[in-house]
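Hi everyone, thanks for coming.

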Amino acid sequence: MIFIVSKDLKSVEKSEQEGFQDMNLWERQHIEEWIRKAPEILGEELLVVGVEFDQFSVSRDRLDLLAVDRQGKLVVVEIKRDSAAGYADLQAVRYAAMVSSMTVESLAPHYLGYLRKYMKEDGITLEIARNRIVEFVEAEDFEELSTKPRIILCSEDFSREVTTTVLWLRQFDVDISCVRFSP
């Protein structure tokens, strides 16, 4: 249950809970942008290195957000507005496979583009972008990105098919999780 409290703290009213669709909120325009600006919404520190990442040699698809975690793993973040998108799991697994061979050196130019476009850091160099990735990772023995990316599915809700698939994949040591995100 959600209540809206006035700024002067003298009144309170119950708010009817609405979903993203009811509130006319969209994946790219709203949810993706919120997560890009504050990735800790997903429950951990992540370094966002790409938005609508489409730099695949074998596909024209675009993954919503590409990030790096503190252990040096790439993190594929697939965002859906509601549970109706039943193939988010398969889509994210496909993206994880396509980025699994990325190295710090191959990721750095994409991160540089992200910094210039989204963070407005025009004077940044490729070396600085590369160093920021390396400095973000806290693992003492970090030398290179892991070849086993993580997957975070983010949605207002998840269908039973998606949660069943996620639980099954976790049995095979695929690092995949679901994060419920609601307005």
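Predicted model: local features only at pLDDT ≥ 70, side-chain atom pairs only at ≥ 80, totals over all residues.

Six is the number here: 6 bridges join S3 to S4, residues 63–69, and the two strands run antiparallel. If you want one spot to look at, find Val-51, which stands opposite Leu-65 in S4.

Okay, let's zoom out. The protein chain has 5 helices and 7 strands. Reading from the N terminus, the elements go β-β-α-β-β-β-α-α-α-β-α-β. Buried residues account for 42% of the 183 residues in the chain.

Now the sheet. In what order do the strands of the open sheet sit? There are 5 of them, in the order S3-S4-S5-S6-S7, and the pairing is mixed. The edge strands are S3, residues 46–53, and S7, residues 176–180, and each of those pairs on one side only. From one strand to the next, the twist averages 25 degrees. And a general point while we're on strands: in a regular strand, the side chains alternate between the two faces of the sheet.

Next, go to the start of the chain. S1, residues 2–5, is where you'll find Phe-3. S1 pairs with strand S2, residues 12–15, in the antiparallel sense over 4 bridges. Phe-3 stands opposite Lys-14 in S2. Between the two strands of this hairpin there are 6 residues, and Leu-9 there takes a positive phi near 65 degrees.

Leu-9 comes up again on the surface. Phe-3, Val-5, Leu-9 and Val-12 form a nonpolar patch there, with about 420 Å² of accessible area together. So is Phe-3 buried, exposed or partly exposed? Its relative accessible area is 46%, so Phe-3 is partly exposed. The reasoning is just the cut-offs: buried means under 20%, exposed means over 50%, and partly exposed is in between.

On to a helix. H3 covers residues 104–118, which makes 15 residues. From its first C-alpha to its last, H3 reaches 20 Å, close to the 21 Å expected at 1.5 Å a residue. Which residues of H3 are buried? They are Val-104, Leu-107, Ala-108, Tyr-111, Leu-112, Tyr-114 and Leu-115. Just after H3, have a look at Lys-120, which takes a positive phi of about 55 degrees.

Start in helix H1, residues 27–37. Glu-33 and Lys-37 both lie there, 4 residues apart, which is about one turn of the helix. Their side chains meet in a salt bridge at 3.8 Å, N to O. Glu-33 counts as partly exposed because its relative accessibility is 22%, while Lys-37 is exposed, with a relative accessible area of 61%.

The next one is Glu-45 with Arg-70, where the closest N and O atoms are 2.6 Å apart. This pair links distant parts of the chain: Glu-45 is in the loop between H1 and S3, Arg-70 is in the loop between S4 and S5, residues 74–80, and they're 25 residues apart. Why does Arg-70 count as buried? Because its relative accessibility is 17%, and the cut-off for buried is under 20%. Glu-45, at 48%, is partly exposed.

Then there's Glu-78 and Lys-80, which form a salt bridge with their closest N and O atoms 3.1 Å apart. Both Glu-78 and Lys-80 are buried. And there's a network too: salt bridges link Glu-44, Asp-69, Arg-150 and Asp-175.

Last stop, Asp-157. Where is Asp-157? It lies in the loop between strand S6, residues 150–155, and helix H5, residues 160–170. Asp-157 counts as partly exposed because its relative accessibility is 38%. Now find Cys-178: along the chain it's 21 residues from Asp-157, and the C-alpha atoms of the two are separated by 9.1 Å.

Methods:
Residues numbered from 1 in each chain as written. Heavy atoms only, no water. Expected span 1.5 Å × (residues − 1). Buried < 20%, exposed > 50% of the residue type's maximum accessible area, 1.4 Å probe, protein only. Patch = residues over 30% accessible without salt bridge, like charges linked within 9 Å, V, L, I, M, F, W, Y side chains within 5 Å. Areas by Shrake-Rupley, 256 points an atom, 1.4 Å probe, with all protein chains shown as cover. Salt bridge = Lys/Arg side-chain N within 4 Å of Asp/Glu carboxyl O. Pairing = 2+ DSSP bridges. Axes fitted to C-alpha atoms, helices over the stretch in contact; angles between N-to-C directions.
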